[in-house]
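These are my notebook entries on one structure. I set down what I looked up and what I found.

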Amino acid sequence: SGYRLGNSFHTDFAYYRRVVPWILPDQGLDNQIWVGLETNLIRDGTNRVGGMNDPATGGLVWYLDPGIFYGTPFWTTGMAIQVPVIQNLNGPDRLYGSFRLFLYFEYYFMMPSLPKWAQF
């Protein structure tokens, strides 16, 4: 009796490549532009309600997330678009997603490894 969630499997893979500057300088830290591709695979099993399988739960979803990122020694910003490649969801009336847009900004308050010429 009761409600029991099905088994779940999540896996992610990411690859990033710096495109500007192609070669880092010998001294100091340079502003950098990176491009990346992530992939996310999610497999959810069917849930159980009252000891019976709920056929309208669980399924398989695979996402690809291309993105671009800009970084300086003190802050980073970027964006990625998560696009579903496969949405094999169980049940007749499941809602399917189209895409997601991720925007972010990070500011670094401390950078103890900066060279003396870059410290305040």
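**Entry 1: strand S6**

Strands are DSSP runs of E with at least two residues, helices are runs of H or I with at least four residues, and both are numbered from the N terminus. I noted the general rule that in a regular strand the side chains alternate between the two faces of the sheet.

I recorded that this is a predicted model, in which local features need pLDDT of at least 70 and side-chain atom pairs count only at pLDDT 80 or more, while totals for chains, interfaces and linings use all residues. Residues are numbered from 1 along each chain as its sequence is written, and side-chain values use heavy atoms, with hydrogens and water left out.

**Entry 2: the chain as a whole**

I counted the elements next: the protein chain has 0 helices and 8 strands. Its pattern along the sequence is β-β-β-β-β-β-β-β. Of the 120 residues in the protein chain, 22% are buried.

I then looked up contacts, meaning heavy atoms within 4.5 Å. Among those between residues at least 6 apart in sequence, 56% join residues at least 24 apart.

**Entry 3: the sheet of 5 strands**

In which order do the strands of the open sheet of 5 strands stand? I found the order S2-S3-S6-S7-S8, with antiparallel pairing. S2 and strand S8 (100-107) are the edge strands, each pairing on one side only. Two strands pair if DSSP finds at least two bridges between them. In general, strands of a sheet pair through backbone hydrogen bonds, either parallel or antiparallel.

I followed the pairs across the sheet. S2 and S3 are antiparallel and share 12 bridges; His 10 stands opposite Ile 42 in S3. S3 and S6 run antiparallel and are joined by 13 bridges, and Thr 39 stands opposite Leu 64 in S6. S6 pairs with strand S7 (residues 75-89) in the antiparallel sense over 11 bridges. Leu 64 has Val 83 as its bridge partner in S7. S6 and S7 form a hairpin, with 3 residues between them.

**Entry 4: the sheet of 3 strands**

I found a further open sheet, in which 3 strands stand in the order S1-S4-S5 with antiparallel pairing. Strand S1 (3-4) and strand S5 (52-53) are at the edges with a single partner strand each, so one side of each is left without a neighbour in the sheet. S4 and S5 run antiparallel and are joined by 2 bridges; the bridge partner of Arg 48 in S5 is Asn 53.

**Entry 5: aromatic pairs**

How many aromatic pairs does a search of the whole structure find? I noted 4 aromatic pairs. Rings of Phe, Tyr and Trp (its six-membered ring) pair if their centres lie within 6.5 Å; planes under 30 degrees apart count as stacked, over 60 as edge-to-face and the rest as tilted.

Tyr 16 and Phe 69 form an edge-to-face pair, 5.5 Å centre to centre with 65° between the planes. Tyr 16 lies in strand S2 (residues 8-20) and Phe 69 in strand S6 (residues 59-71), so the pair ties together parts that are 53 residues apart in sequence. Tyr 16 is partly exposed at 34% relative accessible area, whereas Phe 69 is buried at 13% relative accessibility.

Tyr 16, Phe 69 and Tyr 104 form one aromatic cluster. Leaving aside neighbours within four places in sequence, I found Phe 69 in contact with residues including Gln 32, Trp 34, Met 79 and Tyr 104.

**Entry 6: Asn 47**

Where is the place of Asn 47? I located Asn 47 in the loop between strand S3 (32-44) and strand S4 (48-49). Asn 47 is buried, with a relative accessible area of 11%. Not counting residues up to four places away in sequence, Asn 47 touches several residues, among them Tyr 3, Gly 6, Met 52 and Thr 57.

Key:
Buried < 20%, exposed > 50% of the residue type's maximum accessible area, 1.4 Å probe, protein only.
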